[in-house]
Amino acid sequence: MLLSPILPERSLAMLYAPRGVGKTLLGLSIGLAVASGSPLLRWSTPHPRRVLYVDGEMPLVSLQERLRAISLGLSGEVLNADFRILAADHVEGGINLGSEQGQRALDLLLEDVDLLILDNLSTLCTSGGESASDAWVPMQNWLLMLRRRGIAVLFIHHAGTNGRQRGTSRREDALDTVIALRRPEDYSPEQGARFEIHFEKLRNRVDGAGAVPFEASLESFTG
């Protein structure tokens, strides 16, 4: 396990939510927890692994600020060698993993990576329409190739107006884990990052306990 019981080695996973709910916050927290060997929420990490976090949306400065805030709440030390960031904000021409050229360029950075986090699908995979199932095939083939290489992948995605992951349902076919974030019914904006974590697919669970939904929120740390 990279993050027990939800993220095994060599697994493919999706985390999705409406805008502003906290999916990037949780994605960064997962990456830092796996890289430092720290527990996170109800999950545990057996030992530190190497993580590459690819962001297609946020300025690098904003990412670094979030990472500093999250790391204050972790029990383990995050080493630079174990957690690396690739930000499209600092890549000339951006990043398009929907193209063979973009995939080959990223492959060069994955030699020693255990977990690849892609945030988010809409900004990093810009080839083809989101609702066209055939357009997803090249991306799915690449993800399956990464799994065969021993790399786990967690990609972050938006929810559509119906509350489900946006676009073709074909994305979920090869996935081991699908996590959805939702606002609690009594949520109010002044509460900030507060959300429910729901498991819509958890293929590798040993029992049903790991799939029980629960609520999480961000607490501020100083140090």
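Rings of Phe, Tyr and Trp count as a pair if their centres lie within 6.5 Å, the six-membered ring being used for Trp. In this predicted model, a search of the whole structure finds four aromatic pairs. Two of them are set out below.

| Ring pair | Distance between centres | Angle between planes | Type |
|---|---|---|---|
| Trp 43 and Phe 214 | 5.8 Å | 70° | edge-to-face |
| Tyr 53 and Phe 83 | 6.3 Å | 35° | tilted |

**Trp 43 and Phe 214**

The planes of Trp 43 and Phe 214 stand at 70°, so this pair is edge-to-face. Trp 43 belongs to the loop between α1 (23-36) and β2 (51-55), whereas Phe 214 belongs to strand β8 (residues 214-217); the pair therefore ties together parts that are 171 residues apart in sequence. Trp 43 and Phe 214 are both buried. Ring pairs also link these two residues with Phe 199, and the three form a cluster.

**Tyr 53 and Phe 83**

For Tyr 53 and Phe 83 the planes are at 35°, so the pair is tilted. Tyr 53 is found in strand β2 and Phe 83 in strand β3 (residues 83-87), so the contact ties together parts that are 30 residues apart in sequence. The limit for a buried residue is under 20% relative accessible area. Tyr 53 therefore counts as buried, with a relative accessibility of 0%. Phe 83 likewise counts as buried, because its relative accessibility is 9%.

**A charge over a ring**

A further contact concerns Arg 183 and Tyr 187. The charged end of Arg 183 sits over the ring of Tyr 187, at 4.0 Å from the centre of that ring.

Definitions and conventions: Residues numbered from 1 in each chain as written. Predicted model: local features only at pLDDT ≥ 70, side-chain atom pairs only at ≥ 80, totals over all residues. Heavy atoms only, no water. Phe/Tyr/Trp six-rings, centres within 6.5 Å; stacked < 30°, edge-to-face > 60°. Helix = DSSP H or I, 4+ residues; strand = E, 2+ residues; numbered from the N terminus. Buried < 20%, exposed > 50% of the residue type's maximum accessible area, 1.4 Å probe, protein only. Lys NZ or Arg CZ within 6 Å of the ring centre and 35° of its normal.
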